Amino acid sequence: MVLTQEKFDSLVKELESYAYRKPKDFRKRVFFLAVIGYGYILMVLSFLLWVIVTILSLKTVSGKYGSVWVACIFVIALILFGIIIRSLWVTIPKPKGRRLRRKETPNLFKFVDELSIVLKAPKFHNILLTNELNAAVIQRPRLGVFGWFQNYLIIGLPLMEALTLEQFHAVLAHEFGHLSGKHSRFAGWIYRIRQTWTQLLEVLHKHHESSRSTSGIWYIDLLMLVANGLGFIVFGWFFEWFVSQFTAYSFVLARTNEFEADRCSANLVGGQNLAEGLISIYVKQRYLNRVFWREIYQQADLNSKPPDAIFMMFQALKNEIPAQRKETWLKAALAEKTDNSNTHPCLSERLTALGYITNASELSHKLTINKSAASQLFSEDFLQKIAAHKNEEWLKDNVGFWQVRSSHLQDITPMLLSLEEKAKNQKLTFDEKWNLCRWTKEIKGGDAAIPLLQNLLAQKSYHAPANNLLGKILLAKEDSTGIRYIESAVSCDAELTISGYQLVCDFLYNEWGDTEKIKYYQDKIEQHYYRQLFSSTGLDR
C-alpha cells in the first residue's frame with residue numbers, strides 16, 4: 001500500500017527518533033530492507049527461469065490440449081521474464097552541463113583530485129559546469145539496479161562566482177563527504193537504490209498500462225495481457241509497498257548523511273568556512289530571486305534589446321547587498337523549518353550542528369568578496385570565454401521576449417494616453433478603468449497603478465484580475481497584504497490558484513521563510529491540481 005503524505009511524515013518522524021537513539025540498528029534495518037528488494041527480484045526471476053528451463057527440458061506432453069497449455073505457460077513465463085529484465089535495466093539520464101577538460105581547467109582538476117585523495121572519495125568520471133547556484137555529486141548506474149556507477153561532479157558557475165575559494169572548498173568538501181567513508185558510501189548506495197526502485201516501479205506501471213494496446217492478433221494480445229497482468233500482480237504489488245517503506249527509511253538516512261557530510265567538511269576545511277558558504281548561498285539565492293532577475297526583466301520596458309545579464313549577475317554576486325535586505329533574507333532563511341519535501345535540513349539546524357548559529361548575523365557581513373573561487377580556479381581567458389558563452393545562450397533565449405515586450409508597449413502607450421485624456425472630461429466604463437489600471441502598471445509602474453486598482457476594487461471587489469494584479473504589485477513591494485488580494489482573486493477565479501499561490505509561496509520563502517504557511521498554500525495548489533485531473537477524467541462524477 002502506498003503511503004499517504006501524512007503517513008509518510010509520521011513514519012519519517014518515528015524513524016528519525018529511532019535513528020538518533022540507535023544509529024547502528026537503524027542502518028541494519030535499512031540494509032536488510034535493501035536486501036529484501038534484491039531478494040524478491042532474484043526469487044521471482046529464479047522461479048520464472050526454472051519454469052522456462054523445465055518446459056524446454058520436457059520431451060513429451062500428454063493429453064490433447066496439454067501441449068497448448070504448456071506452450072502458453074512457456075510464452076507467458078518468457079514474456080514476464082523479459083519484462084522484469086527490461087524493467088531492471090533502468091536508465092537514468094545523464095546530468096546536463098558543460099563537460100570540463102583537464103587541459104582547459106588544470107587548477108580545478110588539481111583542486112578536485114586533492115579533495116578526493118584527502119577524503120578517500122572515488123574519482124569523478126565527469127565534471128560538469130552548470131548555470132545553477134549549487135553543487136552536487138551524482139552517481140549514475142550504467143547497469144540499473146546492478147550498479148557499475150559513473151561519478152559526476154556538478155558545479156554551478158554562479159556558485160563559484162558567489163563564494164571565496166575557502167567557502168567553495170568547504171561546500172565542495174560537503175559534497176565529497178557524501179561519497180567519503182563507510183557510512184557515506186553506504187548512504188550513497190542506499191540513495192541510488194531508492195532512485196532505481198522508484199524508476200522500476202514507474203516502468204512496471206507503464207508496462208501494465210501498455211497491455212491495453214492491441215496488435216490485432218487475438219491470441220498474442222491475450223498472452224501479452226496475461227503476462228503484463230501477472231507481472232504487475234506478482235511484482236507491482238510488492239514494490240508498491242517496498243518503495244514506500246524504502247523511501248521513508250532511505251529519506252531519513254539521507255538527511256542524517258547531510259549532517260555527516262557537514263561534519264566531514266568542517267573537519268577538513270573548518271566549520272566557519274562552511275557556515276559562511278551556506279549563509280552566502282541562502283542569502284544570494286534570495287537576492288537573485290527577489291531583486292536581480294526582476295530588475296533585469298524590468299529593463300524590457302525601457303530597452304528593445306536584452307542586457308548582458310550573465311556578466312551582470314557574476315559581478316552582482318560579489319557585490320555588497322544592502323544591509324536591510326540582507327538582514328531580512330537571513331532572517332527568512334533562519335526561520336525556515338525542516339520538512340519532508342527534500343532531504344536537506346534547514347539552515348538553522350545545519351548552523352546549530354556546526355556551532356555557528358549564534359554567529360550567523362556576524363558571518364553574513366562576509367558576503368562581499370574581492371576574489372571569487374572562479375577567478376582563482378579558472379584562468380582569466382577561460383573564465384571570460386565561458387561567461388561569454390553563457391551570456392550568448394541567455395541572450396538567444398530571451399531576445400524574443402524583449403522584442404515582443406517592446407512591440408506591446410509601443411501598441412498600448414497611445415491607448416493609455418487616450419484613456420487618461422478621456423478620464424479628465426468623461427466618466428470611464430468599468431472595462432476602460434480596468435484597461436487604465438493594467439496599462440498604467442505596465443508603462444508607469446506598480447506604484448502609479450495601486451490607487452487606480454484600489455478605486456476599481458471599491459467599485460467591484462470581486463473582480464479577479466484586479467485583485468490578482470494588485471496582489472502581485474504589493475508582494476513585489478514586500479508588502480504581505482498582497483496575500484489577501486491573491487486569495488480574493490483565487491476565490492473569484494479558481495484558474496488563478498496555481499499561479500497566484502505559487503507567487504505567495506515564493507514571497508513567503510524569500511521574505512519570511514515561513515515553512516508552515518508555504519506548505520498550506522502548496523497543499524491548496526495540489527488540491528486544485530487533483531480537482532482538475534479528476535474533472536478532466538470524469539472521476540468526480
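How many salt bridges does the structure hold?

1. The structure holds 17 salt bridges, a salt bridge being a side-chain nitrogen of Lys or Arg within 4 Å of a carboxyl oxygen of Asp or Glu. This is a predicted model, in which local features need pLDDT of at least 70 and side-chain atom pairs count only at pLDDT 80 or more, while totals for chains, interfaces and linings use all residues. Residues are numbered from 1 along each chain as its sequence is written, and side-chain values use heavy atoms, with hydrogens and water left out.

2. Aspartate 301 pairs with arginine 405, their closest N and O atoms being 2.7 Å apart. Helices are DSSP runs (H or I, at least four residues), numbered from the N terminus.

3. Arginine 405 is buried, at 17% relative accessible area, whereas aspartate 301 is partly exposed at 32%. Buried means under 20% relative accessible area, exposed over 50%, and partly exposed in between (1.4 Å probe, protein chains only).

4. Lysine 326 and glutamate 320 form another salt bridge, with 3.3 Å between the closest N and O atoms. Lysine 326 is buried, with a relative accessible area of 6%; glutamate 320 is partly exposed at 48%.

5. A salt bridge of 2.6 Å, N to O, joins the side chains of lysine 422 and glutamate 432. Lysine 422 belongs to helix 15 and glutamate 432 to helix 16 (residues 430–444), 10 residues apart.

Technical notes: Helices (H or I, at least four residues) and strands (E, at least two) are DSSP runs, numbered from the N terminus.
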